[in-house]
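Open the structure in your viewer and keep the selection tool ready.

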Amino acid sequence: MAQLSDDCFAFSGPLMRIEQAQALIEARIPPLGGEEEVPLRAALGRVLARDLVARLPLPPFTNSAVDGYAFRHADLAAAGETRLAIVGRVAAGAAGAPAAPGPGEALRVLTGAPMPPGTDTVVMQEDVRLEPGAVLVPQGLKPGANARPAGEDVAEGTVALPAGRRLGPAEIGLAAALGQAALPVRPRLRVGVFSTGDELAEPGTAPLGPGRTYDSNRFTLLALLARLPVEATDLGILPDRPEATAAALAEAARAHDLLLTSGGVSTGEEDHVRGAIERGGSLVFWRLAVKPGRPAAMGVVGGTPVIGLPGNPVAAVVTFLQLARPLVLRRAGALAEALPRFPAEAAFAYRKKAGRREYVRVSLVPGDPLPRARIFPREGAGLLSSLTGSDAFAELPEETVAVTPGDRLAVLPFAALF
């Protein structure tokens, strides 16, 4: 397991913008080494370890894009219809090379069939008139119409997929089309997830004692990690004891490539994650210029990066997306991926402080020309129902101090994030 130096995150700024945090991750965090080969059926969500170079053109031969008739464009009359004799038929997968038509001749071709030698254009069957043994082609067809040249999709010898690309259904389909039965991928990142706090109880335990609440953050984080190229481990709940917290982080650091915690990173008397990181390595306490989610800790314990996320559920989600997600991708060897943002129109009024970025929960309704964003009626960072009752985060930049109805916003839709 590749380890980091204890001071690799060193930063002395009092309040860090999100871009600063992400740039520091990009500059200071090396990807883990190593690779393994997996069959295509097991490659979904993995990170490509080496460039995939096309060993053949795609498509491998020039073929017809439609059901129709293939011929030489030069045989068409300058005006009016052209009558071409039908001298053969070619279907997709036909063995052997089709015969070349002579002047004034055409061949019936089906979608995916190789273009007969000498032909360069295909007319769709819906656009012609047929006579016994002949096809009447209308004027106006452009040279090369409805023909897919060899290598039109991917040229032989070019990089079809770059190293670091996360493999989704489209990437796996492209690899299959290029004849790959397996792909070299990075090892899955080993991520351990803790919650912290004596007030937390495991879901399913009963009765729920006085002052206790069921732990939700750990399950939210594990679910968020499930969409990333990681092998996540549930490490349970850390008690509010500094020695136990420090010992648990040190032990987990030896078996993982990244640790995530939630809670215990503020300045309260029972917030021990920050001190535990300092005892086991080094810490940069990132008081992020973001709402919700300002209290967050990031450091190194035993050569393993640790991110301490806030305890409030919405704040934990926001800081996961902005800090943990890019760190996971970087450590896993994946290319950086910006969070998806789409334009919307504000259907609410709102005021905020300058100098910090805010993520406001909104629902989206159809609008013209943009969808309209309606703010969730309550703002609390502990309201899980604000996530299930909304569709997106509206991202309000640091320089924004007010939103008025009709303003253009950038929104991050939950469907593309979770």
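Start with Gly68. It stands opposite Val109 in β6. Keep in mind that this is a predicted model.

Now widen the selection to two strands. Pick β4, residues 68-71, and β6, residues 105-109. These strands run antiparallel, and three bridges join them.

Next, bring in the rest of the sheet. Six strands form this open sheet, with mixed pairing. Follow the order β7-β4-β6-β5-β9-β8. Which strands sit at the edges? They are β7 (121-124) and β8 (129-131), and each pairs on one side only. Turn the view to see the twist: from one strand to the next, it averages 40 degrees.

Move to Asn63. You will find Asn63 in strand β3, residues 63-64. Is Asn63 buried or exposed? Asn63 counts as buried because its relative accessibility is 4%, and the cut-off for buried is under 20%. Show its side chain: it reaches the backbone oxygen of Phe61 at 3.1 Å. Leaving out residues up to four places away in sequence, Asn63 touches Gly112, Ala113, Pro114, Met115, Asn146, Ala147 and Arg148.

Last stop: two helices. Select α3 (residues 217-225) and α6 (residues 313-331). They pack at an angle of about 35 degrees, and their axes are 11 Å apart. The crossing of α3 past α6 is right-handed. Now show the side chains at the contact. From α3, pick Asn217, Thr220, Leu221, Leu224 and Leu225. From α6, pick Pro313, Ala316, Val317, Phe320 and Val328. Colour this contact of α3 with α6 by class: eight residues are nonpolar, two are polar and none is charged.

Methods: Residues are numbered from 1 along each chain as its sequence is written. This is a predicted model: local features need pLDDT of at least 70, side-chain atom pairs count only at pLDDT 80 or more; totals for chains, interfaces and linings use all residues. Side-chain values use heavy atoms; hydrogens and water are left out. Axes are lines fitted to C-alpha atoms, for helices over the stretch in contact, and angles run from 0 to 180 degrees between N-to-C directions. Helices (H or I, at least four residues) and strands (E, at least two) are DSSP runs, numbered from the N terminus. A crossing is left-handed if the near helix is turned anticlockwise from the far one by less than a right angle, and right-handed if clockwise. Contact means heavy atoms within 4.5 Å. Ala, Val, Leu, Ile, Met, Phe, Trp, Tyr, Cys and Pro count as nonpolar, Asp, Glu, Lys and Arg as charged, and the others, Gly among them, as polar. Buried means under 20% relative accessible area, exposed over 50%, partly exposed in between (1.4 Å probe, protein chains only). A polar contact is a pair of N or O atoms within 3.5 Å; within protein, one must be able to donate a hydrogen and the other to accept it, and residues adjacent in sequence count only if both atoms are side-chain atoms. Two strands pair if DSSP finds at least two bridges between them.
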